[in-house]
Amino acid sequence: MSELDGRRAVVTGGTRGGIGAAVSARLTAAGATVITTARSTPADLPDPELFVAADVSTPDGVARVARAALDRLGGVDIVVHVVGGSRQEPGGVLALSDHDWQHEFAVNLFSAVRLDRALLPSMIEQGRGAIVHVTSVQRRVPLPTTVPYAAAKSALTSYSKNLAGQMAPKGIRVNTVSPGFVETAGASGMVSALAAADGVDEDTARRTIMDSIGGIPLGRPARPDEVAELVTFLVSDRASSIVGAEHVIDGGSTRTI
Ligand SMILES: NC(=O)c1ccc[n+]([C@@H]2O[C@H](COP(=O)([O-])OP(=O)(O)OC[C@H]3O[C@@H](n4cnc5c(N)ncnc54)[C@H](OP(=O)(O)O)[C@@H]3O)[C@@H](O)[C@H]2O)c1
């Protein structure tokens with residue numbers, strides 16, 4: 001019997017070789033039935049019933065995901081909110097419009113708040129569940145190029161901590177995972193593009209990116225499967241008294257205590 005046999009999970013942002021794809025694969029390997037979401041539908045979907053095409057930065061998109069999860073799975077035991085990201089707007093912080101700020105908060109904060117609000121009533125009713133919000137080390141160490149993103153991830157961390165305190169008495173554990181540089185398929189593409197632009201090899205380009213975030217003592221970015229391992233632990237019964245905690249996975253790049 002596998003550790004998560006019979007558990008029903010929703011993972012947002014589960015395609016394109018990102019962290020969500022690794023989390024979906026790892027939870028599935030542990031026995032869970034996993035519904036994943038993304039805006040675009042991948043060509044090679046193994047089971048269309050376990051995918052919802054929706055933009056979770058919008059109320060309608062979240063409602064569609066929640067409805068599909070409750071209808072198709074009959075309830076939810078695990079929610080891993082992975083969707084997030086930043087657009088680097090040129091021109092510095094004063095050039096950012098209300099729209100820029102609202103977009104970053106819609107993607108990085110409200111998507112999670114709305115999905116939790118839609119799914120938590122059924123989790124409360126069953127008296128058990130586990131939620132993980134994926135934030136970023138930028139919530140502690142913000143970069144000047146992604147100001148709204150870092151602010152939204154800070155807000156997500158604060159929200160998650162508060163939610164954890166309110167949900168624990170109802171049998172639902174909430175935690176955050178805070179990655180540093182993770183070499184997803186998208187990040188690998190960035191490394192290749194930088195290597196081509198600078199006329200250097202990929203190791204040199206990767207090191208340039210690591211240096212730009214202050215270096216990584218481990219000497220390499222994390223892999224998506226390493227983040228998935230941590231998430232899987234946190235939603236499993238092995239983490240049964242871990243509540244409202246932030247788990248940094250960054251190869252040592254965050255030097256604060
Ligand atoms: N990679 C890193 O180095 C790193 C570091 C720190 C924190 N993080 C955090 O980790 C999380 C995952 O990052 P990642 O690098 O794995 O992302 P990614 O590789 O860009 O993957 C993003 C996934 O989310 C989906 N997606 C994006 N926007 C969406 C939306 N509005 N609605 C629904 N689906 C959406 C994408 O599919 P579609 O494009 O088809 O929608 C894709 O499946 C994010 O919260 C990010 O902030 C990542």
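Guide: Start with a definition: a residue counts as exposed when its relative accessible area is over 50%, and as buried when that value is under 20%. Keep in mind that this is a predicted model.

Visitor: Is arginine 39 buried or exposed, and why?

Guide: Arginine 39 counts as exposed because its relative accessibility is 66%, and the cut-off for exposed is over 50%.

Visitor: Where in the chain does arginine 39 lie?

Guide: Arginine 39 is in a loop, the one between β2 (33–38) and β3 (51–53). Phenylalanine 51 is 12 residues away from arginine 39 along the chain, and their C-alpha atoms are 10 Å apart.

Visitor: Which residues does arginine 39 touch, leaving out those up to four places away in sequence?

Guide: With those left out, arginine 39 touches Ala53, Ala54 and Asp55.

Visitor: Which residues come nearest to the ligand?

Guide: Arg39 is one of them; the others are Thr15, Ser40, Val82 and Tyr149. The ligand has 27 residues around it. By class, 11 of this shell are nonpolar, 12 polar and 4 charged.

Visitor: Which backbone atoms lie by oxygen atoms of the ligand?

Guide: A polar contact is a pair of N or O atoms within 3.5 Å. A polar backbone atom of valine 82 is 2.7 Å from a ligand oxygen. For valine 182, a backbone N or O atom is 2.8 Å from an oxygen of the ligand, and for glycine 180 such a distance is 3.5 Å.

Visitor: How much of the ligand's accessible area does the protein cover?

Guide: On its own the ligand has 890 Å² of accessible area, and the protein covers 86% of it.

Technical notes. Residues are numbered from 1 along each chain as its sequence is written. This is a predicted model: local features need pLDDT of at least 70, side-chain atom pairs count only at pLDDT 80 or more; totals for chains, interfaces and linings use all residues. Side-chain values use heavy atoms; hydrogens and water are left out. A residue is near a molecule or strand if one of its heavy atoms lies within 4 Å of it. A polar contact is a pair of N or O atoms within 3.5 Å; within protein, one must be able to donate a hydrogen and the other to accept it, and residues adjacent in sequence count only if both atoms are side-chain atoms. Accessible areas come from the Shrake-Rupley method with a 1.4 Å probe; for residues, only the protein chains shown count as cover. Ala, Val, Leu, Ile, Met, Phe, Trp, Tyr, Cys and Pro count as nonpolar, Asp, Glu, Lys and Arg as charged, and the others, Gly among them, as polar. Helices (H or I, at least four residues) and strands (E, at least two) are DSSP runs, numbered from the N terminus. Buried means under 20% relative accessible area, exposed over 50%, partly exposed in between (1.4 Å probe, protein chains only). Contact means heavy atoms within 4.5 Å.
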